[in-house]
Amino acid sequence: MKPEFTFRLCRGAVLPPECTEVPAHGKFRFASGNAVQILNSPEFGRGDYYIQDPATSLALSLAEGVVEENSSLLDLCAAPGGKTLMAA
């Protein structure tokens, strides 16, 4: 069985046609769909979508309410910095 291609919809992004929303933690929106279609879309080129698994939203959801606004946050997960972008 082929793994599902999931991606995060950045703030204000519209769910692409033929894609389905995927449950995630917190206020983040994720979807699944055809990888070739998404990666070749003008929306991906504009930065409307970020390749990321919904499980990554758990770490930020757990920190919500604990980490105060304008405080420092050290991302010790791994590259490329997707959780740091989510925290910003």
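Is L73 buried or exposed? L73 is exposed, with a relative accessible area of 52%. Exposed means over 50%, buried under 20%, and partly exposed in between (1.4 Å probe, protein chains only).

This is a predicted model, so local features need pLDDT of at least 70 and side-chain atom pairs count only at pLDDT 80 or more, while totals for chains, interfaces and linings use all residues. Residues are numbered from 1 along each chain as its sequence is written, and side-chain values use heavy atoms, without hydrogens and water.

**Two residues**

| Residue | Location | Relative accessible area |
|---|---|---|
| S32 | strand β3 (residues 29-32) | 7% |
| L73 | loop between α3 (56-63) and α4 (82-87) | 52% |

Strands (E, at least two residues) and helices (H or I, at least four) are DSSP runs, numbered from the N terminus.

**Around S32**

S32 is buried. Its side chain makes a polar contact of 3.2 Å with that of E4. Such a contact pairs N or O atoms within 3.5 Å; within protein, one must be able to donate a hydrogen and the other to accept it, and residues adjacent in sequence count only if both atoms are side-chain atoms. Beyond its neighbours within four places in sequence, S32 is in contact (heavy atoms within 4.5 Å) with residues including E4, F5, C19 and V22.

**Nonpolar cores**

The largest nonpolar core has 8 residues: F5, F7, L9, A13, C19, A31, I38 and Y49. Apart from it lies another core, of 5 residues, among them V22, F30, L60 and M86. A core joins buried Ala, Val, Leu, Ile, Met, Phe, Trp, Tyr and Cys residues through side-chain atoms within 4.5 Å.
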